[in-house]
Amino acid sequence: VKEKELHKIISYCKRNKINYLDTATAYKNYNLLSKLNIGKFKIITKLKNLSKIKKNNIEEETMNYIESLLESLKIKQIYGLLLHDVKPLYSKNAEIIIRSLELLKNKKLVKKIGISCYNLKDLNLVKKYKFDIVQFPLNIFDQRLLNKKTFSLLNKKKIEVHARSIFLQGLLLKDFKKLPNYFDKWKNEILKYENFSKKAQKSKFELCVNFIKQQKLIDMMIVGVESQNQIDQIRKQLNKKNFNFNYNIFSQSDDKLLLPYLWKINQKTNNNN
């Protein structure tokens with residue numbers, strides 16, 4: 001996203017009361033945020049590469065990172081600080097990491113702490129640690145988060161749940177004919193979804209957003225946008241009247257489909273279908 005377009009997106013958000021910005025140091029153009037007037041936004045950001053920091057330095061480096069971020073963004077508090085990678089919470093450094101996060105919270109530099117993860121087993125970390133926020137993929141194909149036990153656990157702990165990957169990296173918006181050969185294995189499932197979209201006379205985009213709107217567990221929906229026009233489309237769709245469909249029939253369980261980091265898509269596009 002070019003800086004000029006980013007200014008348009010931020011201005012649009014302000015005008016339309018979109019008050020949260022989700023970001024991370026790993027994202028491109030992260031440094032552009034410091035050039036914007038985002039003081040009124042609630043910022044959610046993520047810590048990465050904690051496994052590469054020596055145990056004795058974790059608390060200090062985490063504190064330095066947040067203080068530097070607050071200064072650069074000209075804000076007094078981060079709304080949510082999440083771990084981008086939960087692996088360190090299974091290591092000997094887990095306790096010092098949690099202590100570092102809680103220290104930031106106690107100092108009111110951070111309002112809420114939590115995790116961003118891909119695997120259901122990682123959600124069990126909320127049993128061991130007091131997290132306020134969980135970010136997890138949720139979309140028409142990936143309905144793992146709607147498991148009754150998971151729902152009950154997060155609800156009982158009063159955890160704020162943010163749905164991400166609602167378009168499954170754009171897969172749920174694309175024409176099967178234009179997908180790489182990698183997805184041939186799930187041809188029937190994808191075509192079933194495409195045919196449903198045509199029969200229901202609803203675009204795939206409408207179906208994806210409506211699916212999230214139906215979920216009572218979800219507090220926030222995270223979307224990545226490249227233009228003001230994209231975020232305008234999403235906002236307008238959110239404001240439309242709900243329609244009820246049974247999306248359970250599209251639920252998939254194969255991680256090689258649900259987890260984009262496992263995709264091997266350097267093959268040619270499937271032009272034969």
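Me: A pocket is an open set of points on a 1 Å grid over the protein atoms alone, where a 1.4 Å probe fits, with protein on both sides within 12 Å along at least five of seven lines. What volume does the second largest pocket have?

Reply: About 200 Å³, where volume means the space filled by probe spheres set on the points, joined across faces, edges and corners. This is a predicted model, in which local features need pLDDT of at least 70 and side-chain atom pairs 80 or more, while totals for chains, interfaces and linings use all residues. Numbering runs from 1 along each chain as its sequence is written, and side-chain values use heavy atoms, without hydrogens or water.

Me: Which residues line the second largest pocket?

Reply: Lining residues have an atom within 4 Å of a point. Gln143, Leu146, Asn147, Lys148, Phe151, Phe211, Gln214, Gln215, Phe245, Tyr247 and Asn248 make up this lining. It splits into 5 nonpolar, 5 polar and 1 charged residues; Ala, Val, Leu, Ile, Met, Phe, Trp, Tyr, Cys and Pro count as nonpolar, Asp, Glu, Lys and Arg as charged, and the others as polar.

Me: Now the helices. Why are H7 and H8 called oblique to each other?

Reply: The axes of H7 (residues 204-213) and H8 (residues 228-238) cross at roughly 55° and come within 10 Å. Angles under 35 degrees count as roughly parallel, over 145 as roughly antiparallel, 65 to 115 as roughly perpendicular and the rest as oblique. H7 and H8 are therefore oblique.

Me: What makes the contact of H7 with H8?

Reply: Contact means heavy atoms within 4.5 Å. Phe205, Glu206, Val209 and Lys213 of H7 meet Gln233, Ile234, Gln237 and Leu238 of H8. By class, that gives 4 nonpolar, 2 polar and 2 charged residues.

Me: And why are H1 and H8 roughly parallel?

Reply: H1 (residues 3-15) crosses H8 at roughly 25°, with the axes coming within 9 Å, and H1 and H8 are therefore roughly parallel to each other. On the H1 side, Glu5, Lys8, Ile9, Tyr12, Cys13 and Arg15 take part, with Gln228, Ile231, Asp232 and Arg235 on the H8 side. These divide into 4 nonpolar, 1 polar and 5 charged residues.

Me: Which residues of H2 and H3 meet?

Reply: Ile58, Glu59, Thr62, Met63 and Ile66 of H2 meet Ile96, Ile97, Arg99, Ser100, Leu103 and Leu104 of H3. By class, there are 7 nonpolar, 2 polar and 2 charged residues in this contact. The axes of H2 (residues 58-73) and H3 (residues 94-106) come within 9 Å and cross at roughly 35°.

How values were computed: Axes are lines fitted to C-alpha atoms, for helices over the stretch in contact, and angles run from 0 to 180 degrees between N-to-C directions. Helices (H or I, at least four residues) and strands (E, at least two) are DSSP runs, numbered from the N terminus.
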